[in-house]
Amino acid sequence: VDMTFDFGTLIAHLAKTRSLGAGTIIGSGTVSNKDADGGPGKPVSEGGLGYSCIAEVRTVETILRGAAETPFLKHGDTVRIEMLDDRHHTLFGAIEQTVAPLSSIG
């Protein structure tokens, strides 16, 4: 909803400026959610739609409160991403990763 350019517009521009083959994957990057008043989004716990990334929430915290409060991810933290349709069915399953030091990845 809050994308500046929808996927149709992105694909049309891509098709004009480069050759796209069958199976090309097109991503928009993260999309920030606006608040109902058009301002920066709010956490889900405060009735908002959440944020697209930690950098965004830290920026909003700095604007609203003078300093970032949300820490960056650290070793042992787990990130889970899942997209649900209107009936709350998963679209691609959950992706869950735990942050680990590079040396422990084998």
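Q: Buried means under 20% relative accessible area, exposed over 50%, and partly exposed in between, with a 1.4 Å probe and only the protein chains counted; at what relative accessibility does L10 stand?
A: This is a predicted model, in which local features need pLDDT of at least 70 and side-chain atom pairs count only at pLDDT 80 or more, while totals for chains, interfaces and linings use all residues. Residues are numbered from 1 along each chain as its sequence is written, and side-chain values use heavy atoms, without hydrogens and water. L10 is a residue of helix α1, helices (H or I, at least four residues) and strands (E, at least two) being DSSP runs numbered from the N terminus. L10 counts as partly exposed because its relative accessibility is 23%.

Q: What is the mean pLDDT of the protein chain?
A: The pLDDT is the predictor's confidence in each residue, on a scale from 0 to 100. In the protein chain, 97% of the residues reach 70 or more. The mean for the chain is 87.

Q: Which element of the protein chain has the highest mean pLDDT?
A: Helix α2, residues 54-65, has the lowest mean among the elements, at 89. At the other end, a mean of 95 belongs to β2.

Q: How far apart in space are L10 and F72, C-alpha to C-alpha?
A: L10 belongs to helix α1. Along the sequence, 62 residues separate L10 from F72. In space, their C-alpha atoms are separated by 31 Å.

Q: What distance separates the C-alpha atoms of T4 and S32?
A: T4 is placed in the segment before α1 (7-17). The residue is classed as exposed, because its relative accessible area is 71%. T4 and S32 are 28 residues apart along the chain, and their C-alpha atoms are separated by 9.7 Å.

Q: How far from the C-alpha atom of A36 is that of G48?
A: A36 is found in the loop between α1 and α2. With a relative accessible area of 84%, A36 is exposed. G48 is 12 residues away along the chain, and the separation of the two C-alpha atoms is 8.5 Å.

Q: What is the C-alpha separation of E46 and G23?
A: The loop between α1 and α2 contains E46. E46 counts as partly exposed, because its relative accessibility is 45%. Although E46 and G23 are 23 residues apart along the chain, their C-alpha atoms are separated by 40 Å.

Q: How many salt bridges does the count give?
A: A salt bridge is a side-chain nitrogen of Lys or Arg within 4 Å of a carboxyl oxygen of Asp or Glu. By this rule, the count is six.

Q: What is the N to O distance in the salt bridge of D35 and K42?
A: K42 is partly exposed, because its relative accessible area is 31%. Its side chain meets that of D35 in a salt bridge, at an N to O distance of 3.8 Å.

Q: With which residue does the side chain of K74 meet in a salt bridge?
A: K74 counts as exposed, because its relative accessibility is 53%. The N to O distance in its salt bridge is 3.2 Å. The partner is D77.

Q: What is the phi of H88, a residue that is not a glycine?
A: H88 is located in the loop between β1 and β2. H88 counts as exposed, because its relative accessibility is 63%. Its phi is positive, at about 65°.

Q: About how much accessible area do the residues of the nonpolar surface patch have together?
A: Patches are made of residues with over 30% relative accessible area and no salt bridge, like charges being joined within 9 Å and nonpolar side chains (Val, Leu, Ile, Met, Phe, Trp, Tyr) within 5 Å; accessible areas come from the Shrake-Rupley method with a 1.4 Å probe, and for residues only the protein chains shown count as cover. One of the members, I95, lies in strand β2 (residues 95-98) and is partly exposed, with a relative accessible area of 44%. Together, L73, V79, I81, M83, L91, F92 and I95 have an accessible area of about 640 Å².
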